[in-house]
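This briefing outlines the fold, the surface and the charged pairing of the structure shown below. Please read the points alongside the sequence and the coordinates.

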Amino acid sequence: MLQGIIQRTCLAVVNTAQSMIVRDKHAFNRAVLKPKVRCHFPKPMEVKRINVHGWDARMSTPEGRRVLMNRILRGRHNLSH
């Protein structure tokens, strides 16, 4: 019985250590942050909105990256269009 408790405790410690070692994906990984596409053929105004306010537009300038970082720090679920 004591051996089983020790094994479970060691297993819990190992699992905790492994979860601490594994890092989350990078904050700017586009595959993680990109929302699901609503449809295969976006409307013209949706294309314009994405081109103006989208991820690529935000990442292309220092001010856009500042906007994204502010949204990350505020805890926003959607960072860009």
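Along its sequence, the chain follows the pattern α-α-α-α-α. The model is a predicted one. It comprises five helices and zero strands.

**Burial, surface and contacts**

- The chain has 81 residues, of which 9% count as buried.
- Where contacts join residues at least 6 apart in sequence, 47% of them link residues at least 24 apart.

**The salt bridge**

- Side chains of opposite charge can pair when their charged atoms come close.
- One salt bridge is present in the structure.
- The partners are R66 and E63, whose closest N and O atoms lie 2.9 Å apart.

**Setting of the pair**

- Where do R66 and E63 sit relative to each other in helix α5? They are three residues apart in this helix, which spans residues 62–74, so about one helical turn separates them.
- R66 has a relative accessibility of 45% and therefore counts as partly exposed, since that class lies between the buried limit of 20% and the exposed limit of 50%.
- E63 is also partly exposed, because its relative accessible area is 48%.
- The salt bridge of R66 with E63 thus joins two partly exposed residues.

Definitions and conventions
Residues are numbered from 1 along each chain as its sequence is written. This is a predicted model: local features need pLDDT of at least 70, side-chain atom pairs count only at pLDDT 80 or more; totals for chains, interfaces and linings use all residues. Side-chain values use heavy atoms; hydrogens and water are left out. Helices (H or I, at least four residues) and strands (E, at least two) are DSSP runs, numbered from the N terminus. Buried means under 20% relative accessible area, exposed over 50%, partly exposed in between (1.4 Å probe, protein chains only). Contact means heavy atoms within 4.5 Å. A salt bridge is a side-chain nitrogen of Lys or Arg within 4 Å of a carboxyl oxygen of Asp or Glu.
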